[in-house]
Amino acid sequence: MGETPVLRAAVRSDVPRIGALMRRSVLELFPHFHDERETASAAEHLTVPDVVLIDDGTYYVHEHAGEVVACGGWSRRDKLYTGSGARPGEDRLLDPATEPARVRAMFVRGDRARRGLGRALLGECERAARAAGFRSLVLVATLPGVPLYRAFGFREVAPVPVPLPDGTVLAGVSMEYPLT
């Protein structure tokens, strides 16, 4: 594990490896913050890669030795998180002058956590969203992500429930980060 993983834009052929990483990340990291039922539900409902992010060119992976070990991105569309369900207008393009970009679907493999991969992904999101004219980033963090976002400089706005399709509700935190 000596080499630094390569950070690059995700492509459609990464989807199976991204999905596997998401599930592994949830199963490894969520038990530190959530009970068994919540972890199992999150592993099922929060681990479906959003190909719109990949197609938009706003989703990134850290790859090492052919494996995706971290992933995450941002969106210029009106959807807060994977698994939030289809809402009318969530594919609508946001107005960078008046609306914040969304950080989405950040996952790191458990044995790679706390090594700067999440920070590097957030840095890429920050750079790209700023270049696209956005003035701020927002996200809904699940509890395992809060320490990373806080350390990066995100401000906690409010606790928010994260309802999953099976009726499980995870604790979440709405957070924001200025780009100006």
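I searched the whole structure for salt bridges and found 17. I note that the model is predicted.

**Entry: Arg17 and Asp14**

I looked at the side chains of Arg17 and Asp14, which meet in a salt bridge at 2.6 Å, N to O. Arg17 is partly exposed, with a relative accessible area of 27%.

**Entry: Asp56 and Arg77**

Next I checked Asp56, which forms a salt bridge with Arg77. Their closest N and O atoms are 2.7 Å apart. This pair links distant parts of the chain, 21 residues apart. I placed Asp56 in helix 3 and Arg77 in the loop between strand 3 and strand 4. Arg77 has 19% relative accessibility; buried means under 20%, so Arg77 counts as buried. Asp56, at 22%, is partly exposed.

**Entry: Arg92 and Asp78**

I found a salt bridge between the side chains of Arg92 and Asp78, at 3.2 Å, N to O. Both residues lie in the loop between strand 3 and strand 4, so the pair ties together parts 14 residues apart in sequence. Arg92 is partly exposed at 36%. Asp78 is buried at 15%. I also traced a network: salt bridges that share partners join Arg8, Asp14, Arg17 and Glu63.

**Entry: helix 1 and helix 2**

How do the axes of helix 1 and helix 2 cross? They come within 9 Å and cross at roughly 170 degrees. Angles over 145 count as roughly antiparallel, so helix 1 is roughly antiparallel to helix 2. I listed the contact residues: Arg23, Val26 and Leu27 in helix 1 meet Thr39, Ala42, Ala43 and Glu44 in helix 2. By class, I noted 4 nonpolar, 1 polar and 2 charged residues in this contact.

Note on methods. Residues numbered from 1 in each chain as written. Predicted model: local features only at pLDDT ≥ 70, side-chain atom pairs only at ≥ 80, totals over all residues. Heavy atoms only, no water. Axes fitted to C-alpha atoms, helices over the stretch in contact; angles between N-to-C directions. Helix = DSSP H or I, 4+ residues; strand = E, 2+ residues; numbered from the N terminus. Parallel < 35°, antiparallel > 145°, perpendicular 65-115°, else oblique. Contact = heavy atoms within 4.5 Å. Nonpolar A, V, L, I, M, F, W, Y, C, P; charged D, E, K, R; others polar. Salt bridge = Lys/Arg side-chain N within 4 Å of Asp/Glu carboxyl O. Buried < 20%, exposed > 50% of the residue type's maximum accessible area, 1.4 Å probe, protein only.
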